[in-house]
Amino acid sequence: MPKKDKDGEDVKPVESDNLSDDGLNEVDLVLEKLTELPGVGEATATKLVEYGFTTYESLAVANANELSAITGLPQTLAQKIISSARAQLKFTIKTAYELEQELKDVRRITTGSLNFNKLLGGGVETKAVTEFFGEFGTGKSQLAFQLSVNVQLPPEKGGLQGTTLFIDTEGTFVPTRIRSMAEAQGLNPENALQNVYWIRAINSDHQIAIVEGAKDFVQKHGVRLIAVDSVTSLFRSEYPGRENLASRQQKLNLHLHSLLRLAEIYNLAVVVTNQVMATPDMFYGDPTRAVGGNIIGHTPNNRVYLRKSKGQKRIARLVDSSYLEPGEVVFEITTQGIRDPQE
Ligand code: GTP
Ligand code: MG
C-alpha cells in the first residue's frame, strides 16, 4: 500500500535524480540554503519558496514592500531578509579600480550595421540590458533575430561565439529568417539554428519563471545573449489600465532586474523589445515619452528608440544612456538582415 502523509495524500516516492549526495531533495536543499540567511527560520523559508523566492538572487533584487505584500511577511522582516541575501551575494562597496577591472570584461555584439554599432559604442554590450522600443514594424524583432545570429560569430567578426536564449512572448519568431541571416554571415545555417534556444512564454508569470530558472541553462549551453521579444506585451495585456500600473511596473522592474543580474553574473547581453504606439502627442512632446514608452522605467542601461524612415530605412536614437553620447543613426532592414543603408 502506498504511504500516506498527514493529509492522507499518497506520498510519492522521491525520484533518485532529485536527490543530492546527502540524500536531500531539491526543495529541502533550497530550504536549507534559505535558512542559512539570518532571520529566516523554517516557516519563513517555506513561505518564501511557496511564493517563488527560491534563490538569494531573487531575494536580493526584491524590494521590501513587494516581498511583504506577496508573502505576507512583516515588512521589517522582509527588509532584513533582502539585506541578508544581498550580503550573501556580496553586494558590497567596491573600489573604482575593481569596478574598472569588471568593466574591462564588457564585450560587444555587432548589430550588422556599422552606424548602429557606433551609436552603441561598438555594438550591444554584455553585462547590460539594451531596450529597443518603437512602433510596429520598426525592426525590433529583426534586431533581436540579427543579434541571435551575430552572437555566434567569432570575436574578430563581432560575435562572442555564444548561443542565444530567445524568449518569445508574441509568437513572432521566424526560424527561416535566422537561416537567411546566418547564410548571409557565412555561418552554417543548421548550426546557427541549433544555437538559438527558443521558448514561448505563455503569460507574464511564465516569462518571469523562465528567467528565474535560466541560470543553469545559461551556464550549460554557453548562452551569451538573452532576447525577450517583447518584454512588455504580456504584462500590458494582463495588467491593463491605470489602476494596474503600479503592480505591473513592480513586476516588470523585478523581471528586468533578474535579467540584469544574469547579464552581470554571466557576462552576457540582454536585449528586450517594447512596442510603443505613435500618438498625436508625439508631434508636440518628446516622442521617446510616447504612450507606454516609459512603461519600463529606468532599468535598461541603454534604450534605443526606433522609427521608420523611407522604405526599409530606420532611424535609431539612443536615449537615456548612462555614459554614451546621445545620437541618431540610419540603418536598413535588407534581405541579408540589418545593414548600413545601401545608398
Ligand atoms: P512589432 O513586433 O509589430 O512591434 O514590430 P517590430 O518592430 O518587431 O518589426 P519587425 O522587426 O518585425 O520589422 C518588420 C520589418 O522588417 C518589416 O517592415 C519588413 O519590411 C522587414 N522584414 C521582416 N522580415 C523580412 C525579411 O525576411 N526580409 C526583408 N528584406 N525584410 C523583412
Ligand atoms: Mg516584433
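**Sheet and ligand site**

Mentor: There's an open sheet of 9 strands with mixed pairing, in the order S5-S4-S6-S7-S3-S8-S9-S10-S11. Strands (E, at least two residues) and helices (H or I, at least four) are DSSP runs, numbered from the N terminus, and two strands pair if DSSP finds at least two bridges between them. This is a predicted model: local features need pLDDT of at least 70, side-chain atom pairs count only at pLDDT 80 or more, and totals for chains, interfaces and linings use all residues. Residues are numbered from 1 along each chain as its sequence is written, chains are lettered from A and ligands numbered from 1 in the order written, and side-chain values use heavy atoms, without hydrogens and water.

Trainee: Which strands stand at the edges?
Mentor: S5 (196-200) and S11 (337-339); each has a single partner strand, so one side of each lacks a neighbour in the sheet. S11 runs antiparallel to S10, joined by 3 bridges.

Trainee: Which residues come nearest to ligand 1?
Mentor: Near means a heavy atom within 4 Å. Of the 15 residues around ligand 1, those coming nearest are Gly137, Lys140, Ser141, Gln142 and Gln312. H8 gives the largest share of that shell, 3 residues.

Trainee: And which side chains have an N or O atom by a ligand oxygen?
Mentor: For a polar contact, look for a pair of N or O atoms within 3.5 Å; within protein, one must be able to donate a hydrogen and the other to accept it, and residues adjacent in sequence count only if both atoms are side-chain atoms. Here the ligand 1 oxygen distances include 2.6 Å for Gln312 and 3.1 Å for Arg314.
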